[in-house]
Amino acid sequence: KAASAMVGNKGTVWALDADQPSLDQLTRDIFTSGIKNIRPLLADLAEPLPVKSGSVDLCLLVNVLHGLAWEKTAPGALGELARVLKPGGRLAVVEFKKMQMDFGPPLEVRLEPRDVERLAAPAGLTTERNFDAGPYSYAVIFRK
């Protein structure tokens, strides 16, 4: 809903997820809220995305990259995200900090910010900044 408000009537939020039940819940939520600019789309980042090249201003990847890295599909996924970004577009990656917690992925699966930066570099994504995003997460912002 926050992304919807940020882009307003002139923008579209593409909500991609590989989990159909999650998209079904999102569809119900946006219908109930009367939101018109969010488009749920079933897609797997390990596969080519059904999104036009150079058409996206910002991609937001939250607590997903560690799983892609673990499955060894991160390079292709980051390449696809770079493909759909406009020149100068940004990718924001939010991940769990690499510290023991009672929730989230196992410690050995978690990524340090420098790991995220190393994964993104071959896709032509340049680090703009990284910062704490609360007590349990950090964010890394890239520019194409």
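Let's start with Met99, which sits in the loop between strand S4 (85-96) and helix H5 (113-120); helices (H or I, at least four residues) and strands (E, at least two) are DSSP runs, numbered from the N terminus. Before going on, please keep in mind that this is a predicted model, where local features need pLDDT of at least 70 and side-chain atom pairs count only at pLDDT 80 or more, while totals for chains, interfaces and linings use all residues. Residues are numbered from 1 along each chain as its sequence is written, and side-chain values use heavy atoms, with hydrogens and water left out.

Leaving aside neighbours within four places in sequence, Met99 is in contact (heavy atoms within 4.5 Å) with Leu107, Arg110, Pro135 and Tyr136.

Now to another loop residue, Asn37, which lies between helix H2 (20-33) and strand S2 (38-42). Asn37 counts as buried because its relative accessibility is 10%. What does the side chain of Asn37 reach? That side chain comes to 2.9 Å from the backbone oxygen of Gly8. Beyond residues up to four places away in sequence, Asn37 touches Ser4, Val7, Gly8, Gly11, Thr12 and Val13.

Asn63, with phi near 50°, lies in the loop between S3 and H3 and is partly exposed, with a relative accessible area of 27%. Lys72, with phi about 65°, is found in the loop between H3 and H4 and is exposed, at 70%.

Finally, the largest pocket. A pocket is an open set of points on a 1 Å grid over the protein atoms alone, where a 1.4 Å probe fits, with protein on both sides within 12 Å along at least five of seven lines; lining residues have an atom within 4 Å of a point. The largest pocket is lined by 39 residues, and Val13, Trp14, Ala15, Leu58 and Leu60 lie nearest its centre. Which strand gives the largest share of the lining? That is S3, with 7 residues.

Key. Buried < 20%, exposed > 50% of the residue type's maximum accessible area, 1.4 Å probe, protein only. Polar contact = N/O pair within 3.5 Å; in protein donor to acceptor, adjacent residues only side chain to side chain.
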